[in-house]
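Please read the following briefing alongside the sequence and the model.

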Amino acid sequence: MLEHLAHQRTSVVLAHGFGAPRILYWGSRLPDDVDLAALCNALDRGHSHGRMDDEDPLSVVPEHARGFLGRPGLLGSRIDGTAWAPRFDERERTRVGNRISTFATDEVADLSLQCTIDLSDVLTLTVEIVNDGTTPYLLQMLAPALPLPRHAGELLTFTGRWALEMQPRRHTWTEGVHTSENRAGRTSHDRPPLILAGTPGFGEWRGEVWAVHVAWSGNHFWSAEALADGRRYVQAGELLHPGEVILQPGERYTAPTVLAAYSPSGTNEVSWGFHRLARALPTSPKRPRRVLLNTWEAVYFDHDTPRLMALADQAAACGVELFVLDDGWFSSRRSDHSGLGDWHVSPDAYPAGLAPLIDHVRTLGMDFGIWVEPEMANPDSELVRAHPDWVLATSGYSSPTGRNQVVVDLTNPAAFRHVFDALNRLLSQHDISFVKWDMNRNHVQASATDGRAGTHRQTLAVYRMLHELRVLHPTVEFESCASGGGRIDHAMLSLVERVWTSDSNDALDRQCIQHSLSLLVPPERMGAHIGSPRAHTTGRQHSLSFRATTAFFGHLGIEWNLLEATEDERSQLRRVIELHKTFRSLLHSGDWIRFDRPDHPDHPDHTVLAVGVYSTDRGEALISLARLASGVATESSPLRLPGLDPETQYDLALLQLVEQNAFGPAVAQPGWVHTGVRLSGAQLALHGIQPPIMWPESAVLLHLRRVAL
Ligand code: GLA
């Protein structure tokens with residue numbers, strides 16, 4: 001039995017008859033009347049010597065018991081070691097639109113397997129296992145596998161660290177397994193759950209590309225294996241510690257949803273799939289993204305109400321719409337050594353409570369937001385002193401700390417209730433419309449009270465707490481932060497409006513971090529702040545023009561002590577914010593575009609990075625062109641703009657975000673800058689437009705608008 005799912009430019013053909021469906025084809029759209037039997041014959045592998053007599057299908061949950069010798073989709077056993085290699089038979093199958101659900105059982109192992117495959121903007125895979133037996137089943141792993149064609153010969157993966165997330169790496173996909181395992185207990189800075197494979201040399205606009213993402217905020221893995229028989233597959237799912245999930249009779253485990261995007265022409269289209277998916281979520285912002293000011297790098301722990309009020313005055317005068325009070329407002333939290341976990345307003349820092357500051361902010365016409373870190377506590381806190389056992393730690397060992405903190409065991413119902421009530425009280429008693437939810441420590445020795453690894457249950461508890469708070473406070477927006485970009489994934493996007501991209505507000509590093517993250521996250525969800533002239537995490541100094549142009553393309557914020565800014569800087573900032581407001585509906589609804597830049601460091605254009613947004617009707621576009629470092633040629637190549645409407649005529653203008661420096665940092669402009677230029681979409685794709693000469697660490701904006709008829 002074969003089935004064809006088709007959506008826009010993608011087709012998936014499934015073969016049934018095994019424990020889970022087998023993806024026979026996943027790629028460019030096939031004709032609606034494609035002869036599936038002929039396709040099946042065309043792709044038949046034949047039968048070589050050395051194989052088992054029956055087929056060894058690479059199904060969505062590959063089964064060792066059917067002769068599959070790669071990594072099975074399900075690993076586990078009963079306590080006595082039996083049921084370790086189950087073989088499922090399909091019992092039921094339903095199809096609604098492009099969604100196929102199958103139900104299979106193994107009556108020997110006493111397990112059942114459910115599988116859902118749904119093709120829309122991306123391919124969504126969900127698998128679930130149920131223990132139908134009478135003894136516990138020790139689950140080691142349940143993770144779907146996606147076969148990829150052999151011409152997907154190159155991998156794109158990401159590494160990174162705190163304050164430098166999402167650094168891209170290319171690899172040739174050779175024999176064996178390329179894998180990434182994350183045990184941080186959060187999505188991680190260095191191992192994001194995202195892998196792309198494509199035809200060698202694939203770029204933003206060229207090559208076939210397949211991308212796989214695990215929508216999960218705890219431990220996870222992905223692997224890309226090229227089998228000896230030539231088949232290739234990517235597998236991705238939750239990484240479980242030993243004994244972390246034990247299914248009692250009748251219990252089930254649902255693996256994190258795997259999202260897989262395909263593009264016949266480069267990675268831009270892969271992003272559009274992920275972005276459309278994010279934009280369809282209930283958390284997708286319904287109103288214009290409020291420009292915010294976050295107090296962290298402005299004041300750190302030095303909370304002083306009159307000074308914060310003065311900062312709010314300056315923020316409001318610049319056009320800021322949301323004032324976010326970061327860490328340091330509660331309990332004894334005068335540094336990161338104490339008070340974390342005690343969610344009541346500090347009587348020392350705020351003798352009259354938060355109300356005077358909030359009222360002041362509201363009177364200025366801004367909304368008020370607040371920082372919390374609900375999953376954590378300092379050992380020096382009322383919470384840990386009163387409940388030393390409410391910590392996710394392994395008894396018998398001293399509990400390791402990270403940033404002087406321990407993890408609160410939210411799998412313990414009493415601890416969950418305590419933290420939930422405190423947050424609920426905070427949101428009920430104050431006029432708060434935005435919460436920055438932080439998480440600043442890895443899970444190490446994170447055992448729940450039963451002594452078993454607790455990350456899986458803790459991750460679900462965090463999801464539940466966020467969900468329940470959202471239900472009680474439906475107008476409050478949430479941001480996910482984990483020491484910057486340590487918890488960014490599509491499961492989080494279904495619970496928060498915004499992610500904090502990185503603790504680095506260094507525009508140069510941000511250019512690259514945002515560039516990579518835009519694969520997965522649409523710009524309106526991506527926090528991007530204009531920091532102070534000297535970046536706090538790198539010590540580098542950048543012009544306001546470069547800082548502003550870089551932050552312009554996300555959910556704009558300010559993280560700079562405006563009381564220390566000059567009058568001139570503040571008036572420039574006011575203009576930047578004003579311009580952002582005029583462009584934000586385009587920036588936050590259009591199709592995000594990245595332009596290819598030559599990989600080789602000797603290429604003159606290697607140091608030029610261009611990104612932007614095309615309106616979905618292709619009537620308007622805004623492009624940022626950044627020079628990251630000096631280039632070996634005086635001029636960069638003309639920027640070619642594929643993907644616009646070829647027939648449309650566009651007026652082009654170079655935009656100045658910061659007035660005083662007429663064309664941003666450009667030191668020489670081509671003729672068109674002064675006279676304007678009108679070009680068709682076809683021309684822009686073919687010969688492009690010459691950018692100005694730019695200093696290193698600078699950026700300019702190109703604006704394109706359809707000529708009115
Ligand atoms: C983390 C966050 C920062 C800030 C601090 C506060 O590092 O990433 O943005 O909120 O915590 O302690």
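A pocket is an open set of grid points with protein on both sides within 12 Å along at least five of seven lines, and its volume is the space filled by probe spheres set on the points. In this predicted model, the second largest pocket has a volume of about 680 Å³, while about 1,200 Å³ of space lies in the largest pocket.

**The largest pocket**

- Of the 44 residues that line the largest pocket, those closest to its centre are Phe595, Asp596, Arg597, Pro598 and Leu609.
- Two or more lining residues of the largest pocket come from each of strand E11 (154-161), strand E12 (164-172), helix H10 (507-517) and strand E32 (608-614).
- Sorted by class, the lining of the largest pocket consists of 22 nonpolar, 10 polar and 12 charged residues.
- Because domain 1 (2-279) and domain 2 (592-706) both give residues to the lining of the largest pocket, this pocket lies between them.

**The second largest pocket**

- The second largest pocket is lined by 27 residues, and the ones that lie nearest its centre are Arg22, Ile23, Leu24, Leu43 and Arg45.
- Strand E3 (22-28) and strand E10 (145-148) are the elements that give two or more residues to the lining of the second largest pocket, and E3 gives the most, with 6 residues.
- The lining of the second largest pocket is made up of 14 nonpolar, 4 polar and 9 charged residues.

**Cavities**

- A cavity, unlike a pocket, is a set of points where a 1.4 Å probe fits but cannot get out, and the count in this model comes to 6 cavities of 30 Å³ or more.
- In the largest cavity there is about 110 Å³ of space, and of the 13 residues that line the largest cavity, the closest to its centre are Met166, Pro192, Gly485, Ile488 and Leu517.
- E12 and H10 are the elements that give two or more residues to the lining of the largest cavity, a lining that divides into 7 nonpolar, 5 polar and 1 charged.
- The second largest cavity holds about 80 Å³ of space, and the residues that line the second largest cavity are Gln511, Gln514, His515, Thr549, Thr550, Phe553, Trp592, Val611 and Ser624.
- H10 and H11 each supply at least two residues of the lining of the second largest cavity, with H10 giving the most, namely 3 residues.
- By class, the lining of the second largest cavity has 3 nonpolar and 6 polar residues, and no charged residues.

- The axes of H10 and helix H11 (residues 544-551) come within 9 Å of each other and cross at roughly 20°, and because angles under 35 degrees count as roughly parallel, H10 is described as roughly parallel to H11.
- The crossing of H10 and H11 is left-handed.
- The axes of helix H7 (residues 413-429) and helix H8 (residues 455-472) come within 11 Å and cross at roughly 30°, so H7 and H8 are likewise roughly parallel to each other.
- The crossing of H7 and H8, in contrast, is right-handed.

Definitions and conventions. Residues are numbered from 1 along each chain as its sequence is written. This is a predicted model: local features need pLDDT of at least 70, side-chain atom pairs count only at pLDDT 80 or more; totals for chains, interfaces and linings use all residues. Side-chain values use heavy atoms; hydrogens and water are left out. On a 1 Å grid over the protein atoms alone, a cavity is a set of points where a 1.4 Å probe fits but cannot get out, and a pocket is an open set with protein on both sides within 12 Å along at least five of seven lines; lining residues have an atom within 4 Å of a point. Helices (H or I, at least four residues) and strands (E, at least two) are DSSP runs, numbered from the N terminus. Ala, Val, Leu, Ile, Met, Phe, Trp, Tyr, Cys and Pro count as nonpolar, Asp, Glu, Lys and Arg as charged, and the others, Gly among them, as polar. Domain bounds come from an automatic or database domain assignment. Axes are lines fitted to C-alpha atoms, for helices over the stretch in contact, and angles run from 0 to 180 degrees between N-to-C directions. Angles under 35 degrees count as roughly parallel, over 145 as roughly antiparallel, 65 to 115 as roughly perpendicular and the rest as oblique. A crossing is left-handed if the near helix is turned anticlockwise from the far one by less than a right angle, and right-handed if clockwise.
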